[in-house]
Every structure is written in structure tokens, then in C-alpha cells.
Amino acid sequence: MEVFSSLSGEFEQVLFAHEPECGLRAIIAVYTTAPGPAIGGTRIYPFPSEDAAFRDALRLAKAMAYKAAAAGLEAGGGKAVLIADPRRDKTPELLRAYGRAVDRLGGAYITTADAGSTVVDLDIVAETTRFVTGTSRGSGDPSPVTAHGIWHGMRAVAEEAFGEPSLSGRHVVQQGTGKVGSALARLLAAEGVRLTLADVDRAAVEALAKELGAEVVPPEEALSIPCDLLAPCALGPVVTAATIGGFKCRAIAGAANNQLERPEHARALADAGILYAPDFVINAGGLINVEDELHGYDRARALARAEGIPGTLREVFRRARDDGVTPSEAADRMAGERIAEAERRRRAAR
Ligand code: NAD
């Protein structure tokens, strides 16, 4: 593993924490703290190699910095990965040891939940560090705030795609009806949206559809149904080499992280006349929610701040038009510029 060349001068610091007695093998990557503390989740996953874990930590930390910057938060970006199987290896000793590692960074990195970690785990991490958000005594599950931000963000998408922000009467196909997806579906149904839902959990999606008067389709059909808006709220990339030719929607806007398998798929969507709301812009409500904890948590304020997402999307779409680039490129540029500006201010203050 080539450590320093992998950092390419971009990353502020990386902590490797190892406590063999409890099986701790953690990598905490801090992309930047120039805008503020680096907030990011704890991913617990049985990575196939240390190299894979290290690369994921770097990729995810940078993505968090971009998400925070696009949302206009005074927060940097970081991420922790633990090489462990969450079903087998996640003991209280491991989580406490991990908390000690977070604590050694002195607040440069503030952790929260991610794949493989839960609110209950964060409560144990909090026994050994105060640099943790999203515990049961803190802001808790961010999903309702994420859904709220997406719902509002969809209005900016509708305005750009259809010339008016109202979602009423529009047809939305939603893939995934978990924590964010179910909350979003309820908000959309209440606004008079025609909803088509899909989830691999057939019983759960049927129950939700019955409650909301929505239609259900098999997951494998969801991406190619003609509709106004496609809302990816499941896991993994949806815009891939295999799916790119099959979309019959006018716009894509949803919760899932990393919706594009490859950056060049943004151009393919634009060429097909499909408006794409960059995932890290429209799904920032969860991060806005945990960041709010740093100011003394207030759920009403977090929801109100998530309503800033449509404004950010409008700015992204405007820049994309002005610069002749895709919304993804425009969002990346915007976030990159904000981080560079924070770095410049910090250097000037030294
Ligand atoms: P979740 O696990 O509660 O829900 C995911 C749902 O997707 C589940 O119901 C699952 O059955 C379903 N699913 C999985 N594969 C599917 C497929 N192929 N087709 C249809 N359905 C499928 O997760 P969540 O917290 O609701 O998050 C959803 C997505 O949003 C994830 O990509 C997550 O990273 C992202 N996200 C979540 C938050 C948050 O606040 N929870 C914030 C930002 C981004």
C-alpha cells in the first residue's frame, strides 16, 4: 500500500488504530477541517483487504467534505472504517477502543452512524469519546430530515425540468422504501403525487402502498417505468452501464448515495434529456441533522435548514447551464471552490 502517494497531498490526516486484544483495526481519514470539524460516519465492514479499507476511507472522507461544502455547512469531511464483520465482531470492547481512537483526534473528526453501525453502537462509542453525534441522547435517526430535504429539493428539480415546482399530479417512481424512502413516500403522497413503489422487501412495500394508495412494481422493473421523477432510495448505483439506456423518466432525484456508477454517466443522462439532481446535494439532510447537534440540537431548526437544499440545487442547475457542464460537475466545482476558499482563509490566518 502506497500511503503518501494515495493521499495525493489532499488529505489532512489519517489515523490507523490497532488494538489486537479486541480486534480493532480502524482507519480514520480526515479530508479537511478548514471549514470546521470533519463529520462523517463509522463504516463497519469485513473489507477484503487493508488496501480496500484504506481506499474506501479516503474516498468516503472526501465525499463527506464535498457534501458538507455543497450544503454550506461549517464542517469538513471525514470517515472511519473498521475492518470487522458487524454481525460477528462488533463487541462493546471494540466500540470503546474505537471511541478512544476517535478521541485521540481531539475533535478534528466527529463520528456518527454509517453502514454497519447503529445508534445503539454510537451510545457505546460515546462512553470513551465526546466527539460523536447521532446517539440516542443526541439527534437520533436522521432519516426524516433527509426525506424532508429531498422532498423540498424535488421542487427545484420539478421547476428546472417542467417549469413549475409543484409536485402535485406528477408521477414519481421510488426505488426503496426503507427509513428514508418510507418517510419520503408519505410526504409525496400527502402532496397528491402519483406514486409507484418498489422494494425487495415485498411485505413492507405492499403495506406502505396500501396505506398511501400507491402502486407496487417488482424492483427489477422500477428503473424503466415511464414517469416524471425517478427517486432512487435503495442502495448502490442505479445509473450503470447496464441501466443507462433504459430510463424513461424526465429527472432522477433521490436519497441513495453514489447513484452514478461512473462520473461519465452524468453526461450520458444529460444527453438523454434526463435531469440529474446530484445525490450528495439533495440527500444532505442527514448530515445537516447531525451537524445541527454541534450547535445544541433542535429538530425544527434542522428541518428548516434542510429546506435550503432547493436553493442549492437551483444554484447547481444555473451553474451547469452557464458553464455548459452537467449538474454533477457543477456541484463538484461549487463544493471544491468552497473547500479551497476555506483552506485559503485558514492559511492566511496562520
Ligand atoms: P434502509 O436500509 O432503511 O432502506 C433501504 C431500502 O432499500 C430497504 O427497504 C431495502 O429493502 C431496499 N432495497 C435494497 N435493495 C433494493 C433493490 N435492488 N430494489 C429495491 N429496493 C431495494 O436505508 P435508508 O437509511 O433508507 O437509506 C437509503 C439510501 O439513502 C442509502 O443509499 C443511504 O446511503 C442513503 N442515505 C441515507 C440517509 C439517511 O438519513 N438514512 C442520508 C443520506 C443518504
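Biologist: What should I know about the numbering and about which atoms are used?

Modeller: Residues are numbered from 1 along each chain as its sequence is written, and side-chain values use heavy atoms, with hydrogens and water left out. Because the model is predicted, local features need pLDDT of at least 70 and side-chain atom pairs count only at pLDDT 80 or more, while totals for chains, interfaces and linings use all residues.

Biologist: Which residues make the contact of α5 with α12?

Modeller: Contact means heavy atoms within 4.5 Å. On the α5 side the contact is made by Pro144, Val145, His148 and Gly149, and on the α12 side by Arg299, Ala302, Leu303 and Ala306. Sorted by class, this contact of α5 with α12 has five nonpolar, two polar and one charged residues, where Ala, Val, Leu, Ile, Met, Phe, Trp, Tyr, Cys and Pro count as nonpolar, Asp, Glu, Lys and Arg as charged, and the others, Gly among them, as polar.

Biologist: At what angle do α5 and α6 pack?

Modeller: Helix α5 (residues 143-162) and helix α6 (residues 179-190) pack at an angle of about 45 degrees, and their axes are 8 Å apart. α5 and α6 are therefore oblique to each other, and α5 passes α6 in a right-handed crossing. Among the residues that make the contact are Ile150, Trp151 and Met154 of α5 and Leu184, Leu187 and Leu188 of α6. The residues of the contact of α5 with α6 divide into nine nonpolar, three polar and one charged.

Biologist: How is α6 placed against α7?

Modeller: α6 and helix α7 (residues 202-212) pack at an angle of about 20 degrees, with 10 Å between their axes. That makes α6 roughly parallel to α7. In this pair, Ser182, Ala185, Arg186 and Ala189 in α6 meet Leu208, Glu211 and Leu212 in α7.

Biologist: Now the sheets: what is the order of the strands in the sheet with five strands?

Modeller: Strands of a sheet pair through backbone hydrogen bonds, either parallel or antiparallel. Here two strands pair if DSSP finds at least two bridges between them. The open sheet of five strands has the order β1-β2-β4-β3-β5, with mixed pairing. β1 (13-19) and β5 (109-113) stand at the edges, each with a single partner strand, so one side of each is left without a neighbour in the sheet.

Biologist: In which sense do β1 and β2 pair, parallel or antiparallel?

Modeller: β1 and β2 pair in the antiparallel sense over seven bridges, and in β2 the bridge partner of His18 is Arg25. These two strands form a hairpin with four residues between them, and Gly23 in the turn has a positive phi of about 85 degrees. By contrast, strand β3 (residues 38-45) and β5 pair in the parallel sense over five bridges, and Gly40 stands opposite Thr111 in β5.

Biologist: What is the strand order in the sheet of six strands?

Modeller: The open sheet of six strands has the order β8-β7-β6-β9-β10-β11, with parallel pairing. At the edges stand β8 (215-216) and β11 (275-276), each with a single partner strand, so one side of each is left without a neighbour in the sheet.

Notes: Axes fitted to C-alpha atoms, helices over the stretch in contact; angles between N-to-C directions. Parallel < 35°, antiparallel > 145°, perpendicular 65-115°, else oblique. Left-handed = near helix turned anticlockwise from the far one by under 90°.
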